[in-house]
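Please look over the backbone geometry of this predicted model. My notes follow as numbered points.

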Amino acid sequence: MKVVEAICEIMKREGIETLLAYPVNHIIEYAARTDIRPIIVRQERVGLHMADAISRLSSGKSIGAFAMQHGPGTENAYGGIAQAYGESVPILVLPAGYARRIAHIHPNYNATQSMRDISKSVEPVMAANELCNIMRRAFTRLKNGRGAPVIVEVPGDTMFEEIEGELNYTPVLRTRSGPDPADVARAVDMLLAAKNPVFYVGQGVHYAEAWSEVRELAEHLALPVVTSLEGKSAFPEDHPLALGSGGRAIPKAVHSFLQDSDVIFGVGCSFTETSFGVKLPKGKRYIHSTNDHMDLNKDLEAEIGLVGDAQLTLQAMLAMVKAKEPQARDSQTVAATIKGIEEAWLGEWMPKLTSDETPLNPYRVLWDLQKVVEKDNTIITHDAGSPRDQLSPFWKSTTPLSYIGWGKTTQLGYGLGLAMGAKLYKPDALCINVWGDAAIGFTGMDFETAVRERIPILSILLNNFSMAIELHIMQESTEKYRSTDISGDYAAMARAFGGYGERVTTPEEIIPAIKRGIEQTRNGVPVLLEFITSKEVSISAF
């Protein structure tokens, strides 16, 4: 068996059904021969974003995979791999490489050398008979511990080398570990004694599928729950104890409860300090549950560290909590406080959320979108900048993995590939990306991929003909040279690609247009709805 054949057979044994790719990489052709569906994108970054969504929505059980050509293809892929690394997403990346004899000669791009800082591991296939060991290491790293891309570079001259004997490869194991019971006991005692505890939930809960444990602990101890942007949807946001999600823009209840807290219990999170996440207050007592000890004391001082799988950690805590305090606490006071803060905050924002102005207020577009969709069968994601900040505070996720949040690094155009990958993995769900006219300039050509590959997503474009979020820091360049102005008829672009495109300019047409768009996706047609909006720069930040 040739190396390229063996790689595809190993992927198939590991459950990979789709290979996102850009040619020329011989793995693409041999994947098709192995009945793994190749999907060819218009640029490498979008393919990686699609693979990213597959890994996320499967809680890491179905690993997204991407293959690209050596040299320029690998160079172009760097940003997508870096994005997944920043968001702790496991992806198998299979770049072709230069022949071994010239792989390290300037200026040839060598992924093994150049991508170490944005991957969990990177290893070249230097000898055919070592392939099984290399792939075994790769999948073990993908399926265990903190998520991150794993790269296997395949030099052109090893691609067709023969492997001796039978392919000796069995799918690798998954492991879980739990925290020290003594630390669990200390954490439980601190939580029970806290006057104003807050439960902070990150995306590790998604990967551990610990949603029921989060809810059970919150309800037993009457804990107000905030999620990180990546953890959004891990706790139902229509629950009386839900504060909402943290990001650059946040609901007022998130800010109020975090500021008034004495103990913050974070589970499945890194507590990473970022300009695009909730600002966690200093001077609080932190209990930090994470599956990576490198997170501890990185940006915040943790009084107690619980290193291990989020589900195992929460199960251990629940058992001890119920042994010490069998009766669930009354949550009425906490719930009433949350409701009061939320109602007052929404009252302040309702003029924007229900605005009849034209150009359309983007908050009105997204508020109406929320009214129309069937949330329990919808997966939505945002893009960087204003779309993220206008969507995340007000969108109430009700089902796990119904919102793909991100933001530690904020490359424009990420949301399109995420929605497309989500639709591949969950074909019966309505998959939506919300982006702006800056983001579509980065990855918009891959709407054609959605049409060509029959991936019927609903793409919501907020077009204000401007880089509005930058206006306050580019005043003179805008006034003198119109540096923040951008333009395009993107609905026409969608139609030119063979999809459904519609431009919406009046408030009364928002909901009818969304309904028409949803119906088109049911017919198998990708949809781009272009809403002409104002240069809205207000965000819900405290």
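1. Start with the loop between β1 (18-22) and α2 (26-33), where Val24 sits. The peptide bond that joins Pro23 and Val24 is cis. Its omega is about 5°.

2. Which other peptide bond is cis? The one from Thr358 to Pro359. Omega there is near -5°. Pro359 belongs to the loop between α12 (332-353) and α13 (362-372).

3. Both bonds deserve a look in the viewer. Most peptide bonds are trans. The bond between Pro23 and Val24 is cis, and so is the bond from Thr358 to Pro359.

4. Now phi. Most residues other than glycine have a negative value. Glu209 is not a glycine, yet its phi is positive, about 55°. Glu209 lies in the loop between α8 (204-208) and α9 (211-221).

5. Is Glu209 buried, partly exposed or exposed? Glu209 is partly exposed.

6. Find Leu401 in the loop between α14 (386-391) and β14 (403-404).

7. Is Leu401 buried or exposed? Leu401 has 14% relative accessibility, so it counts as buried. The cut-off for buried is under 20%.

Key. Residues are numbered from 1 along each chain as its sequence is written. This is a predicted model: local features need pLDDT of at least 70, side-chain atom pairs count only at pLDDT 80 or more; totals for chains, interfaces and linings use all residues. Side-chain values use heavy atoms; hydrogens and water are left out. Helices (H or I, at least four residues) and strands (E, at least two) are DSSP runs, numbered from the N terminus. Buried means under 20% relative accessible area, exposed over 50%, partly exposed in between (1.4 Å probe, protein chains only).
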